[in-house]
Amino acid sequence: KGKLITIDINNELETMATSYFEKSGFGNQIEMKIGNAVEIIPNLNLKFDLVFIDADKTNYSNYFDLVIDKVNQGGHIIADNVLWSGKVITEEVKTDADTKALDDYNNKIHEDSRVENVLLPIRDGLMVARKL
């Protein structure tokens, strides 16, 4: 029996999300935390098999750094939007903060010896990093 922890900075979504969690039949296995993930993650005394990153792009690298030691060996960190509609290979990588952050994240994961990774060019791109 697994547990899902979701972090969202937007407290306006809590009531709606919680209602869907309950309707799913898995509400007792889902815990929603409201606040800044950079502040919440260090206080999670848990190990994870899967982490999904799909939030503010400028913090992707920070989120990775905060969760990597909490991911079990063989676990996965999946990051969404890593191709950013192809912008990561355009001149926008030099001028747009989100695009640069995603390019930096992609390079960081590629160079990190603690993980092996694969880029799935589905829609906006998924980077799947498996912890070694």
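Me: What should I know about the model and its numbering?
Reply: Residues are numbered from 1 along each chain as its sequence is written. In this predicted model, local features need pLDDT of at least 70 and side-chain atom pairs count only at pLDDT 80 or more, while totals for chains, interfaces and linings use all residues, and side-chain values use heavy atoms, without hydrogens and water.

Me: Is Thr99 buried or exposed?
Reply: Thr99 sits in helix α5, helices being DSSP runs (H or I, at least four residues) and strands likewise (E, at least two), numbered from the N terminus. Its relative accessibility is 0%, and buried means under 20% relative accessible area, exposed over 50%, partly exposed in between (1.4 Å probe, protein chains only). Thr99 therefore counts as buried.

Me: Which residues is Thr99 in contact with, leaving aside its neighbours within four places in sequence?
Reply: Contact means heavy atoms within 4.5 Å. With the neighbours within four places set aside, the partners of Thr99 are Trp84, Lys87, Val88, Glu92 and Val93.

Me: Which residues of α5 does α3 meet?
Reply: From α3, the residues taking part are Tyr60, Ser61, Phe64 and Asp65. By class, this contact has five nonpolar, one polar and three charged residues, where Ala, Val, Leu, Ile, Met, Phe, Trp, Tyr, Cys and Pro count as nonpolar, Asp, Glu, Lys and Arg as charged, and the others, Gly among them, as polar. On the α5 side are Leu102, Asp104, Tyr105, Lys108 and Ile109.
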